[in-house]
Amino acid sequence: RVRAGIIVAMTLRYLLATVIGAVLVFVWGGVMWAGGAYERFLHPLPGGDAVLRALDAAPSSGMYVHPSAPEPDASMPKDERDRMNAAREAQFRSGPIVMMAITKGGQDPNDPAMFVRGLLVELFATAMLAAAIGLAGSAHGPLRRFLALQAMVTFMALSTHMVVWAFMSAPNEWTAVMVFDSWVGWSLAGLPSVLLLRARGPRDGLPA
């Protein structure tokens with residue numbers, strides 16, 4: 001009976017930490033976007049409607065790049081393929097380099113489904129974060145759990161935004177604000193787990 005009570009208490013703490021953390025990261029994201037943190041890095045597309053008409057020729061929604069890799073053609077002579085690859089490399093060096101997401105047909109910027117979808121994603125992400133914090137700090141106190149949180153948040157920023165910066169030419173300023181936003185937001189998401197989850201030990205009758 002004591003063991004069951006401990007399990008129920010741990011589960012409730014975990015669920016509470018997950019819900020509070022998800023709300024915190026969701027609200028933080030809203031503050032960042034509504035507060036204009038990204039606006040100075042989202043520049044108007046040069047050419048406006050004329051460029052949009054050209055982009056509308058894209059066959060489907062997706063990610064598009066320029067310069068793009070030459071279409072493979074086994075029948076093409078090697079020297080011609082080499083010239084095409086050399087021309088692409090020259091375009092990369094001279095610029096501009098473009099990678100953009102195109103959504104055919106548009107989208108309602110205030111679609112409630114978008115916010116519900118985003119909250120659900122962040123809820124499940126926070127649940128995974130809380131589980132990882134609990135596992136990493138299961139036999140330790142809040143300081144160890146906080147350090148585990150920071151290790152995971154830093155790993156996330158390095159393995160996502162910084163990888164895009166390193167290999168896909170993401171702008172320095174855009175990368176910096178993305179890293180800051182995600183680091184603060186997911187630190188807030190994990191903070192309830194740091195404070196609410198507790199160390200387990202032999203006295204709990206559960207494996208430490």
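The model described here is predicted. Lys78, at 55% relative accessibility, counts as exposed, because the cut-off for that class is over 50%.

These two residues form a salt bridge, in which the closest N and O atoms are 2.9 Å apart. Both residues belong to helix α3, which spans residues 78-94. Asp82 and Lys78 are four residues apart in that helix, so about one helical turn separates them.

Arg83 is exposed, its relative accessible area being 52%, whereas Asp79 is partly exposed at 45%.

Glu89 and Arg93 form another pair, with 3.8 Å between the closest N and O atoms. Because Glu89 and Arg93 are four residues apart in helix α3, about one helical turn lies between them. Glu89 has a relative accessible area of 44% and is partly exposed; Arg93, with 68%, is exposed. The count of salt bridges in the model comes to four. In general, side chains of opposite charge can pair when their charged atoms come close.

## The largest nonpolar core

Eight residues make up the largest nonpolar core: Val25, Leu129, Ile133, Leu149, Val153, Trp186, Ala189 and Val194. At least two residues of this core are supplied by each of three helices, namely α4 (112-136), α5 (142-159) and α7 (172-196). Helix α7 provides the largest share, which is three residues. In soluble globular proteins, nonpolar side chains tend to be buried together.

## Contacts of Ala189 and another core

Ala189 is one of the residues of the largest nonpolar core. When residues up to four places away in sequence are not counted, Ala189 touches Ala17, Gly21, Val25, Thr126 and Leu129. Among these contacts, Val25 and Leu129 also belong to the largest core.

Notes
Residues are numbered from 1 along each chain as its sequence is written. This is a predicted model: local features need pLDDT of at least 70, side-chain atom pairs count only at pLDDT 80 or more; totals for chains, interfaces and linings use all residues. Side-chain values use heavy atoms; hydrogens and water are left out. A salt bridge is a side-chain nitrogen of Lys or Arg within 4 Å of a carboxyl oxygen of Asp or Glu. Buried means under 20% relative accessible area, exposed over 50%, partly exposed in between (1.4 Å probe, protein chains only). A nonpolar core is a set of buried Ala, Val, Leu, Ile, Met, Phe, Trp, Tyr and Cys residues joined through side-chain atoms within 4.5 Å. Contact means heavy atoms within 4.5 Å.
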